[in-house]
Structure formats: structure tokens, C-alpha cells
Amino acid sequence: MMGVLLQCSAILLREKGILQGCNQMCAGYLFQQDKQYDISYDTGDKAIQCGRHVDIFKFWLMWKAKGTVGFEQQINKCLELSEYLYSKICNREDFEMVFKGEVAPKIKALMMESGTTMVGYQPQGDKANFFRMVISNPAATKSDIDFLVEEIERLGQEL
């Protein structure tokens, strides 16, 4: 929900150096010790993925740009849109939170064919497929939700 790359996952440990001790390659041909700068800043032998750059730096930059309050607002907006969608579906006569039928795959196929939107679906236990709504895009708006619900209904009426 923060909009950061999956590679930005972090492992936080209390004991300094334990992660490096467990994962370092100590490959002299990759991580030369005789550089003309302070090698303690080299990231290669400190990263789980060896020579790849430290991807968490991307997350740090985002945090510096947005700040804690910015991330809080972004996540709260997504949660508010989820609540808005839930109440919209609950208050709509033609919708149920879990529809008994095989309509979700057919509506999704129509969405894909028309190129209007794409929403995932899945079964829940022994119940039929239903649309699985995940709202994590900070650019999403209530009008996007309104369009989605209208589009599902429009395409569903064609069936």
C-alpha cells in the first residue's frame, strides 16, 4: 500500500553485523579491499542479492519525499476508498458481496475485451468466483470506484 517495489523489503535486526556475517560472499574478485575510498560504504557484500544495489535506497528516497505523514495519508486514502466501495456495493440492489454464480469470469472477460478495466476474481471456499478488490493506487479516486461499479453492472446486464 506504500507503493514501493517488492525488492524494497527490509530485514531489521538488533545485532549489528549479523546479516552481513550470514550473507557475505567475501569474494575478493567482486569486492576488492584496496579501493581508494572507504570500503565500508560498499554495498555489494552487505546485500542479500550480492552485487545488486541496495534496493531499500529507493524506499528511503520515497520516505524522504513523502514523509511519514505522506505515507499515512496515502494508505488512509486507499482504506477510505475500500470502505466507499464496500458501502456502495452493500447499498446497491443488484450487487451482493459474494455473488452465487459464475458471472465474475464472464464480466472480467468482457472488461478485457472492451479495454475499460481489469479486476481480479477468485473463489472463496466452496462459493463461486467473486471480484477481489485491492485498492493500493494512490491516484485512485471515488469516481474510479463509481466507474468500476457501473462498468460491472453494465457488462453484467449483457449476460
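**Whole chain**

Start with everything shown as cartoon. The model is predicted. The protein chain has four helices and two strands. Follow the cartoon from the N terminus, and the elements come in the order α-α-α-β-β-α. Now colour by accessibility. Of the 159 residues in the protein chain, 24% are buried. Contacts are worth a look too. Take those between residues at least 6 apart in sequence: 60% of them join residues at least 24 apart.

Select Cys8. You will find Cys8 in the segment before helix 1, which spans 18-23. Is Cys8 buried or exposed? Its relative accessible area is 6%, so Cys8 is buried, as anything under 20% counts as buried.

Next, show what surrounds Cys8. Leaving out residues up to four places away in sequence, Cys8 touches Asp55, Ile56, Lys58 and Phe59. Cys8 and Phe57 are 49 residues apart in sequence. In space, their C-alpha atoms are 7.7 Å apart.

Select Cys78. Cys78 has 0% relative accessibility and counts as buried. Move to Cys90. Here the relative accessible area is 42%, and Cys90 is partly exposed.

**Helix 3 against helix 4**

Select residues 103-114, which form helix 3, and residues 142-157, which form helix 4. The axes of helix 3 and helix 4 lie 9 Å apart, and the helices pack at an angle of about 105°. Helix 3 and helix 4 are therefore roughly perpendicular to each other, since that term covers 65 to 115 degrees.

Now show side chains where the two helices meet. Helix 3 brings Ile107, Leu110, Met111 and Ser114. Helix 4 answers with Leu148, Glu151, Ile152, Arg154, Leu155 and Gly156. Sorted by class, this contact of helix 3 with helix 4 has six nonpolar residues, two polar and two charged.

**Glu153**

Stay in helix 4 and pick Glu153. Which residues does Glu153 touch, not counting those up to four places away in sequence? They are Arg92, Asp94 and Phe95. At 17%, Glu153 counts as buried.

**The hairpin**

Last stop: select residues 121-124 for strand 1 and residues 127-131 for strand 2. The two strands run antiparallel, joined by three bridges. Pick out the partners one by one. Tyr121 has Phe131 in strand 2 as its bridge partner. Gln122 stands opposite Phe130, also in strand 2.

Zoom in on the turn. The hairpin of strand 1 and strand 2 has two residues between the strands.

Why is strand 2 described as largely enclosed by the rest of the structure? Because four of its five residues are buried.

How values were computed: Residues are numbered from 1 along each chain as its sequence is written. This is a predicted model: local features need pLDDT of at least 70, side-chain atom pairs count only at pLDDT 80 or more; totals for chains, interfaces and linings use all residues. Side-chain values use heavy atoms; hydrogens and water are left out. Axes are lines fitted to C-alpha atoms, for helices over the stretch in contact, and angles run from 0 to 180 degrees between N-to-C directions. Angles under 35 degrees count as roughly parallel, over 145 as roughly antiparallel, 65 to 115 as roughly perpendicular and the rest as oblique. Contact means heavy atoms within 4.5 Å. Ala, Val, Leu, Ile, Met, Phe, Trp, Tyr, Cys and Pro count as nonpolar, Asp, Glu, Lys and Arg as charged, and the others, Gly among them, as polar. Buried means under 20% relative accessible area, exposed over 50%, partly exposed in between (1.4 Å probe, protein chains only). Two strands pair if DSSP finds at least two bridges between them.
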